[in-house]
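Trainee: I would like to go through the terms used for this model and see what each one rests on.
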Amino acid sequence: MMKYGQAEYNDFMARIFADKLDKLLKESEKHNYINRNTEDIYKEFASSKDAA
């Protein structure tokens, strides 16, 4: 394993954090997109509450 100075270690940790954050944001955007599509689809149909 390489030895890191403080600046190199901070840069390394910042890159790992940014990569994980990008991955989480992409998954979150995908999940939000799916939820919006589902809501749009169900808005087209009358619910049983509205029919009563």
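Mentor: Start with the salt bridge, defined as a side-chain nitrogen of Lys or Arg within 4 Å of a carboxyl oxygen of Asp or Glu. The model is predicted, so local features need pLDDT of at least 70 and side-chain atom pairs pLDDT 80 or more, while totals for chains, interfaces and linings use all residues. Residues are numbered from 1 along each chain as its sequence is written, and side-chain values use heavy atoms, without hydrogens and water.

Trainee: What makes R15 and D11 a salt bridge?

Mentor: Their closest N and O atoms are 3.0 Å apart, and the limit is 4 Å. The structure holds one salt bridge.

Trainee: How far apart are R15 and D11 in helix 1?

Mentor: They are four residues apart, which means about one helical turn. A helix here is a DSSP run of H or I with at least four residues, numbered from the N terminus.

Trainee: Why is R15 called exposed?

Mentor: Buried means under 20% relative accessible area, exposed over 50%, and partly exposed in between, with a 1.4 Å probe and protein chains only. R15 has 54% relative accessibility, so R15 counts as exposed. D11 has 38% and therefore counts as partly exposed.

Trainee: What makes Y9, F12, M13 and I16 a patch?

Mentor: Patch residues have over 30% relative accessible area and no salt bridge, and nonpolar side chains (Val, Leu, Ile, Met, Phe, Trp, Tyr) are joined within 5 Å. These four make a nonpolar surface patch of about 340 Å². M13, in helix 1 (residues 6–43), has a relative accessible area of 38% and is therefore partly exposed.

Conventions: Patches are made of residues with over 30% relative accessible area and no salt bridge: like charges are joined within 9 Å, nonpolar side chains (Val, Leu, Ile, Met, Phe, Trp, Tyr) within 5 Å. Accessible areas come from the Shrake-Rupley method with a 1.4 Å probe; for residues, only the protein chains shown count as cover. Helices (H or I, at least four residues) and strands (E, at least two) are DSSP runs, numbered from the N terminus.
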